[in-house]
Amino acid sequence: MASISAIQHDPVLRMYYKRKVAEGKPKMIALNNVRNKLLARVFSVVKRGTPYVVLHQHVA
């Protein structure tokens, strides 16, 4: 459910999901790829001990 919500609300993950589907991947495989990206974000935040920062919003 988190990956579906991320696709709806996170433009970066939405574009990633759409790109994978356009490449011909089944929708569930593309959804699993989004899940893996979310897990990578979570583990990096926990490992570093810092809050998550959305980088594309801070670019001038």
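User: What does the numbering start from, and which residues count?

Analyst: Residues are numbered from 1 along each chain as its sequence is written. As the model is predicted, local features need pLDDT of at least 70 and side-chain atom pairs pLDDT 80 or more, while totals for chains, interfaces and linings use all residues; side-chain values use heavy atoms, with hydrogens and water left out.

User: Why is D10 called buried?

Analyst: Buried means under 20% relative accessible area, exposed over 50%, and partly exposed in between, with a 1.4 Å probe and protein chains only. D10 has 15% relative accessibility, so D10 counts as buried. K20, at 17%, also counts as buried.

User: What makes D10 and R41 a salt bridge?

Analyst: The term requires a side-chain nitrogen of Lys or Arg within 4 Å of a carboxyl oxygen of Asp or Glu. The N to O distance between D10 and R41 is 2.8 Å, so the pair meets the definition. D10 lies in the loop between α1 and α2 and R41 in helix α3, so the pair ties together parts that are 31 residues apart in sequence. Helices here are DSSP runs (H or I, at least four residues), numbered from the N terminus.

User: How many salt bridges does the whole structure hold?

Analyst: A search finds two. E23 and K20 also form a salt bridge, at 3.7 Å from N to O.

User: How do you know that K37 sits over the ring of Y16?

Analyst: The rule asks for NZ of Lys or CZ of Arg within 6 Å of the ring centre and within 35 degrees of the ring normal. K37 lies over the face of Y16, at 4.7 Å from the ring centre.

User: Which residues make up the largest nonpolar core?

Analyst: There are nine: A6, I7, L13, Y16, Y17, A30, L31, V34 and L38.

User: Why are the buried residues of α1 said to share a side?

Analyst: S3, A6 and I7 are buried in α1. They cover an arc of only 100° around the axis, which puts them on the same side of α1. The arc is taken from the directions from the helix axis to the C-beta atoms. The face turned away from the buried side carries the exposed residues A2, Q8 and H9.

Note on methods
A nonpolar core is a set of buried Ala, Val, Leu, Ile, Met, Phe, Trp, Tyr and Cys residues joined through side-chain atoms within 4.5 Å. Helices (H or I, at least four residues) and strands (E, at least two) are DSSP runs, numbered from the N terminus.
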